[in-house]
Amino acid sequence: MFDAFLRLLMAPAPARHDPEAKLALAALMVRVAKADGTYDQEERDQIDRVLAAQFGLVPAAAAMLRSDAEALEAEAPDTVRFTRVLKESFPLEARAKLMEALWEIVLSDGARDDDEESLMRLVASLLGLTDVDSALARQRAEKE
């Protein structure tokens with residue numbers, strides 16, 4: 001009985017995919033998409049696809065999550081709040097995959113902008129990732 005309890009205590013904490021983490025990721029995706037001064041339907045569609053794949057959502061649920069995230073992103077004063085939730089909710093390896101998903105959003109319009117690059121460097125740092133981690137995530141996103 002005590003062995004099972006000790007194993008439970010010593011096991012790594014599972015990633016929380018609670019509504020707060022989902023909404024934080026979606027809001028961060030919206031912020032990244034808006035970084036270049038445009039936010040078009042192509043970027044919205046890409047966010048919906050990434051959210052659906054990341055969390056196993058049907059398209060309508062992903063679109064609703066994105067819509068909620070757009071409202072949250074418009075009111076949030078900084079990016080730190082989103083990244084803090086993600087850093088607490090996902091282990092390091094998963095955060096590298098989140099970075100790849102964010103790069104997919106940046107690259108969805110076919111161009112990289114200085115403001116997007118700057119924001120992505122900040123996000124990588126806030127997620128506890130290095131510039132190399134971010135560059136590798138970008139390369140993976142470019143191949144998709």
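Reader: Hi! Before we look at pairs, what counts as a salt bridge here?
Author: A salt bridge is a side-chain nitrogen of Lys or Arg within 4 Å of a carboxyl oxygen of Asp or Glu. This is a predicted model, where local features need pLDDT of at least 70 and side-chain atom pairs count only at pLDDT 80 or more, while totals for chains, interfaces and linings use all residues. Residues are numbered from 1 along each chain as its sequence is written, and side-chain values use heavy atoms, with hydrogens and water left out.

Reader: Great, so how many salt bridges does the structure hold?
Author: There are 11 salt bridges. One of them joins the side chains of Arg44 and Glu70, at 3.7 Å from N to O. That pair links distant parts of the chain, 26 residues apart, with Arg44 in helix H3 (residues 41-55) and Glu70 in helix H4 (residues 59-75). Helices are DSSP runs of H or I with at least four residues, numbered from the N terminus.

Reader: Is Glu70 buried or exposed?
Author: Glu70 counts as buried because its relative accessibility is 19%. Buried means under 20% relative accessible area, exposed means over 50%, and partly exposed is in between (1.4 Å probe, protein chains only). Arg44, at 23%, counts as partly exposed.

Reader: Which residues are joined into one network?
Author: Arg44, Asp48, Arg66 and Glu70 are, through salt bridges that share partners.

Reader: New topic, rings! Which charged end sits over the ring of Tyr39?
Author: The charged end of Lys34 does, 5.4 Å from the ring centre. A charge sits over a ring if NZ of Lys or CZ of Arg is within 6 Å of the ring centre and within 35 degrees of the ring normal. Arg138 also lies over a ring face, that of Trp103, at 5.9 Å from the ring centre.

Note on methods
Helix = DSSP H or I, 4+ residues; strand = E, 2+ residues; numbered from the N terminus.
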